[in-house]
Amino acid sequence: MGLLEGKKAVIFGIANEKSIAWAIAREFREQGAELAFTYANDAIAKRIFPLAESIGVTQVIKCDVAKDEDIHDVFAGLGKIWDGLDILIHSVAFANRDELKGSFLNTSRAGFALAMDISAYSLIAMVKEAQPLMKVRGGSVLAMTYYASEKVFPNYNVMGVAKAALEANVRYLAEAVGPDSIRVNAISAGPLKTLAASGVGGFHQIAAHVEAKTPLRTNIEQKDVADAALFLCSDLSRRITGGIHFVDSGYNIMGM
Ligand code: NAD
């Protein structure tokens, strides 16, 4: 029997087969979970529907996480077909490409607000809407973050600030929904070549540096994140909440 047998999970953030969220989806499906996907826009629809079909997922819902009404509709819709929700995956981030290169001083007011809205605030909006469904049996919320929340990485700029806010959200939300037996955690993943990563200037240099300097001397793969996600969303982690869990071949322990 799979570790997620009988559990229902909604996954935000699949863009293509390289997405971290897609690796999580496949793993959760293999472990017996019933899934629903959301997608940002019509460009992504072309890719996500065939992926969903390939693993027998029929609930695929459009949701721009910058819109409260979209987020509301996702959970209202799931409430009509599911008797509760066990898992929520937040694997979503966005910042203007021209603010993910060059000087941090070039961060605009509008660009700052956009990155914070989509990459950090959206987690609060999702958990608020998910709470009535998740408290039926208790559940697990998992977000994706990056070490640039704590340390300066060239070009990461406003996204580093947004990830710092996301990580603080994880802690505050964990306290807010803990009484409903809902846990909230984040995985801080090492660099992975995905659509989102391609927007960060000089991403390849970051990946090469990490590979050379990390204790395990290897970059991670999407499957490494999915395996950790399985633990954090299964009952094996039942008393773990509010944490930022590194899946980075140990890079975060290094001073130099
Ligand atoms: P990805 O591009 O596959 O996923 C990002 C997702 O965000 C996409 O599906 C995109 O459609 C979605 N998104 C953006 N704006 C949206 C909106 N307004 N509404 C709904 N969805 C929206 O890339 P990924 O690397 O799999 O990123 C997933 C998460 O992992 C992100 O939070 C990212 O910051 C984080 N992360 C990535 C890395 C990495 O190196 N790739 C490392 C650590 C953390």
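Predicted model: local features only at pLDDT ≥ 70, side-chain atom pairs only at ≥ 80, totals over all residues.
The ligand is surrounded by 28 residues, of which Ser19, Asp64, Lys163, Leu192 and Thr194 are the closest. In the side chain of Thr194, an N or O atom is found 2.5 Å from an oxygen atom of the ligand. For Ser19, the corresponding distance between a side-chain N or O atom and a ligand oxygen atom is 2.6 Å. Leu192 contributes through its backbone, with an N or O atom positioned 2.8 Å from an oxygen atom of the ligand. The ligand taken alone exposes 810 Å², and 92% of that area is buried by the protein.

The largest pocket is the space taken by the ligand. Classified by residue type, the shell around the ligand comprises 20 nonpolar, six polar and two charged residues.

Ala93 was also examined. This residue is located in the loop that lies between strand 4 (87-90) and helix 4 (109-134). Ala93 is assigned as partly exposed because its relative accessibility is 34%, a value between the 20% limit for buried residues and the 50% limit for exposed ones. The C-alpha atoms of Ala93 and Asp117 are 9.2 Å apart in space, with 24 residues separating the two positions in sequence.

Terms used:
Residues numbered from 1 in each chain as written. Heavy atoms only, no water. Near = heavy atom within 4 Å. Polar contact = N/O pair within 3.5 Å; in protein donor to acceptor, adjacent residues only side chain to side chain. Areas by Shrake-Rupley, 256 points an atom, 1.4 Å probe, with all protein chains shown as cover. 1 Å grid on protein atoms, 1.4 Å probe; cavity = no way out; pocket = protein on both sides within 12 Å on 5 of 7 lines; lining within 4 Å. Sits in = over half its atoms within 2 Å of the grid points. Nonpolar A, V, L, I, M, F, W, Y, C, P; charged D, E, K, R; others polar. Helix = DSSP H or I, 4+ residues; strand = E, 2+ residues; numbered from the N terminus. Buried < 20%, exposed > 50% of the residue type's maximum accessible area, 1.4 Å probe, protein only.
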